Amino acid sequence: MGMTDVLIVGAGPTGLVLACDLARRGAAVRIVDRSPAPPRTSRAKGPNPRSLEILDNLGVAEEVLAAGSAPLPMLKYRDRRPVAEADPWAESAPSPDARYDRGWLIAQWRLEGILRDRLAGYGVRVEPGREVVGLAQGRDEDDRSGGGHVDVTYADGRSGRARYVVGCDGAHSSVRKLLGITFEGATAEDQVMVCGDVDLAEGVLDRTRWHQWFDEDGAVMLCPIPGTRTGWWFQAGPERDGRGRPLPPTADGFRRLLAHHTALPGRDLTRAELLSTYRVNVRMADRFRAGRVLLAGDAAHVHAIAGGLGMNTGIQDAFNLGWKLGLVLAGHADAELLDTYEEERLPVAARTLDLTSERLRATLEAIRRPGGGLDTAITPDTTGLGVGYRWSSLAAHRTDAPTEVAAGDRAPQAERPGPRAGDRAPDAPCADAATGARTRLHRVFAGPRTTVLGFGPGSAAVLRETAGAYGGDAGVRVCRVYAAHEDRAGAEPGAVVDDAGHASAAYGTGASDDPGAGTVVVVRPDHHVGVLAPADDARSVREYLRRLHGTGRSAERSPGMVDAVR
């Protein structure tokens, strides 16, 4: 079997997002899963706003929205009677810089199906029934020659070889165990929940609500599964034996719990499957990379369910890693770029562990009182939109520049409005300069490229230089953002008009009639700001792009650069 660029182990949302991102970059990808068939699990309740932006970038957000439903108001009961209703999203609305203001309800198997279909469009299919039992890394670590590799052994005796392997194979990751990476943390044996997908007799419960019964002796939660007529997510405190130990979930047990906590008779629960026991498990790998093998999603970190961040953190891991692997495989960036994956995502995972544990504690506290419920777990932190990497070595802060560059009458970066290097790049509605068609900055960023935005007339020179250096390389694009009052005669293809001023407001670029004034923003392929510099600082832009994309057209003439994808 020949060499593949990246072998992805695990075909859940994390692995599928990574596979889609790499496949559209032209990388040779294989994705294997130990399950003989795609699991029909509904586990995660859906993507949060940041994950919706990622799914939009991959071209599947509209399909996900159509297949799911908006999050539902929560109706809370005590002693079988409704006592309170809460809609955590009542006050939120889309804003110019964030199109998605709330997560979306969709069964995990449905989301995975949409991603598998997208992946198949690139000619890549999940290989089921493939369990990885051995990994051996080749010694030759010269990335430029493409000589390093990982030999992979499967349970059926077959083997394969890949330049990189990514373990997206869940909390019990065999990839992590084969690497000997420790998974530090704790499992709270007493914090247990039983879960499953159930059918309820039609019409017995309002499907426009997420019903939550919290009593002193336990709880039942029922949330309708979008796209079904009678399907519900069932979560409950477990039944316990005489010694207080939790009993495993069964259909009859679910019926008893339903009858005990709700006003419904047990027979209204007509089907129960995919039964599981969930224990609060808070663990994190001590590293996310060992040579040519990396970990993402639950294989790297697991945390409390509160806030629904498990699947979302994995999707966001994949989006951080995909473009870095792509640039290294293409020979544009050095393999050290892969170190920034752990540098950026490990602190995010650690913070997510703390955040979800705190939300769980607050929720357990809230449900002691009548009217308390799962809305306590939802905060602005759980949208994912605030996650950034200001500490990263890929965040080129101008405050790190030599004093003579940072000096002068410009305000230091910390004081200026708008994002800083490392932050999520805001969206903004705008118009295509040539056609007047409505678009938005995240549309401009879509696809596997780095974008250089130029605000103000002074940015034209840097954009011209960048287009000259990287014009033949699909990995970098330039986009001039014109203010409404600027003359757009001779606007370059792809330029946009900030007709309502939202882009200028989001990026803090301000307005100036000085022909030399302007701001240049380098936006990474994962929609994070790499550089935000005055238009006269071409050097910062040049050095940043060189780190990610090599020297552009001059690289094509360099015999040392081998395109490892071919």
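Me: I take two strands as paired if DSSP finds at least two bridges between them. On that basis, how many bridges join E1 to E8?
Reply: In this predicted model, strand E1 (residues 3–9) and E8 are joined by six bridges and run parallel. Within that pair, Val 6 has Tyr 164 of E8 as its bridge partner.

Me: And E7 with E8, parallel or antiparallel?
Reply: Strand E7 (residues 150–154) pairs with E8 in the antiparallel sense, over four bridges. Thr 153 stands opposite Ser 159 in E8.

Me: What do E7 and E8 form, and which residue in the turn has a positive phi?
Reply: E7 and E8 form a hairpin, with four residues between the two strands. Gly 157 lies in the turn, and its phi is positive at about 95°.

Me: How many bridges join E8 to E15?
Reply: Three bridges join E8 to strand E15 (residues 293–295), and the two run parallel. Here Gly 167 is opposite Leu 295 of E15.

Me: Is E8 mostly covered or uncovered?
Reply: Strand E8 (residues 159–167) is mostly covered, with seven of its nine residues buried.

Me: Moving on to the other sheet: what is the order of the seven strands in the open sheet?
Reply: The order is E18-E17-E21-E20-E19-E22-E23, and the pairing is mixed. Strand E18 (438–440) and E23 are the edge strands, each pairing on one side only. From one strand to the next, the twist averages 30°.

Me: How do E19 and E20 run, parallel or antiparallel?
Reply: E19 and E20 run parallel and are joined by six bridges. Thr 450 stands opposite Val 476 in E20.

Me: Which helix or strand elements cover the buried residues of H13?
Reply: The cover includes strands of that sheet, among them E19 (450–455), E20 (476–483), E22 (519–523) and E23 (529–534). Helices H7 (310–329) and H11 (460–470) also contribute to the cover.

Me: Which residues are buried in H13?
Reply: Ala 538, Val 541, Tyr 544, Leu 545, Leu 548 and His 549 are buried in H13. Viewed down the helix axis, the buried residues fall within an arc of 135°, so they line one face of the helix.

Me: What should the 12 residues of H13 span, at 1.5 Å a residue?
Reply: Helix H13 (residues 538–549) should span 16 Å, and its end C-alpha atoms are 16 Å apart, which agrees.

Me: What follows H13?
Reply: Gly 550 follows H13, with a positive phi near 70°.

Me: Which residue has a positive phi of about 65° although it is not a glycine?
Reply: That residue is His 527, which sits in the loop between E22 and E23. His 527 has a relative accessible area of 1%; the cut-off for buried is under 20%, so His 527 is buried.

Me: And which has a positive phi of about 50°?
Reply: Asp 79 has that phi although it is not a glycine. Asp 79 lies in the loop between strand E3 (74–78) and strand E4 (81–86).

Me: Now the whole chain: how many helices and strands are there in the protein?
Reply: There are 14 helices and 23 strands. Of the 566 residues in the protein, 54% are buried.

Me: What about the accessible surface of the protein?
Reply: The accessible surface of the protein is about 23400 Å², and carbon and sulfur atoms account for 51% of that area.

Me: Lastly, what share of contacts between residues at least 6 apart in sequence join residues at least 24 apart?
Reply: The share is 71% of such contacts in the protein.

Methods:
Residues are numbered from 1 along each chain as its sequence is written. This is a predicted model: local features need pLDDT of at least 70, side-chain atom pairs count only at pLDDT 80 or more; totals for chains, interfaces and linings use all residues. Side-chain values use heavy atoms; hydrogens and water are left out. Buried means under 20% relative accessible area, exposed over 50%, partly exposed in between (1.4 Å probe, protein chains only). Contact means heavy atoms within 4.5 Å. Accessible areas come from the Shrake-Rupley method with a 1.4 Å probe; for residues, only the protein chains shown count as cover. The expected span of a helix is 1.5 Å times one less than its number of residues. The arc is that of the directions from the helix axis to the C-beta atoms. Axes are lines fitted to C-alpha atoms, for helices over the stretch in contact, and angles run from 0 to 180 degrees between N-to-C directions.
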